[in-house]
Amino acid sequence: YSLDRNFPKLRDDDFRPNFSLALAQKDMRLAVELIESAGLRPFAGRELAGLFDTSTGDDAELDVAVIARRLGA
């Protein structure tokens with residue numbers, strides 16, 4: 001599903017939001033907090049959450065697929 005949905009966005013450089021990077025960032029933050037509150041260490045949680053950081057650019061309201069740019073895709 002994700003590849004079917006996101007590949008055309010990447011190919012066409014079209015990041016009109018279906019699910020914004022800001023919402024994905026919030027969800028990642030909540031997931032990491034939940035895992036840590038259970039006394040567990042999230043595997044690469046903080047590092048992965050950094051990919052969704054909206055404080056480092058104008059990508060916050062773009063589709064979450066825009067993180068591919070941050071991965072060099």
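**A loop residue in its setting**

Analyst: The chain carries 10 positive and 13 negative side chains, and the centres of these two sets lie 2 Å apart. This is a predicted model, in which the chain has four helices and zero strands, giving the pattern α-α-α-α when read along the sequence. Its C-alpha atoms fill a box of roughly 40 × 25 × 20 Å along the principal axes.

Within this fold, Ser20 is found in the loop between α1 (2-12) and α2 (21-37). Ser20 counts as buried because its relative accessibility is 8%, and buried means under 20%. Once neighbours within four places in sequence are left aside, the residues in contact with Ser20 are Ala60, Glu61, Leu62, Asp63 and Val64.

One of these contacts, Val64, also belongs to the largest nonpolar core, whose nine residues are Phe15, Leu21, Ala24, Met28, Phe52, Val64, Ala65, Val66 and Ile67. The largest share of this core, three residues, comes from α2. Ala65, another member of the core, is in contact with Asn6, Lys9, Leu10 and Phe15, again leaving aside neighbours within four places in sequence.

Among contacts between residues at least 6 apart in sequence, 60% join residues at least 24 apart.

Note on methods. Residues are numbered from 1 along each chain as its sequence is written. This is a predicted model: local features need pLDDT of at least 70, side-chain atom pairs count only at pLDDT 80 or more; totals for chains, interfaces and linings use all residues. Side-chain values use heavy atoms; hydrogens and water are left out. Helices (H or I, at least four residues) and strands (E, at least two) are DSSP runs, numbered from the N terminus. Buried means under 20% relative accessible area, exposed over 50%, partly exposed in between (1.4 Å probe, protein chains only). Contact means heavy atoms within 4.5 Å. A nonpolar core is a set of buried Ala, Val, Leu, Ile, Met, Phe, Trp, Tyr and Cys residues joined through side-chain atoms within 4.5 Å. Lys and Arg count as positive and Asp and Glu as negative; His and the chain ends are not counted. The place of a charge is taken as NZ of Lys, CZ of Arg, CG of Asp or CD of Glu.
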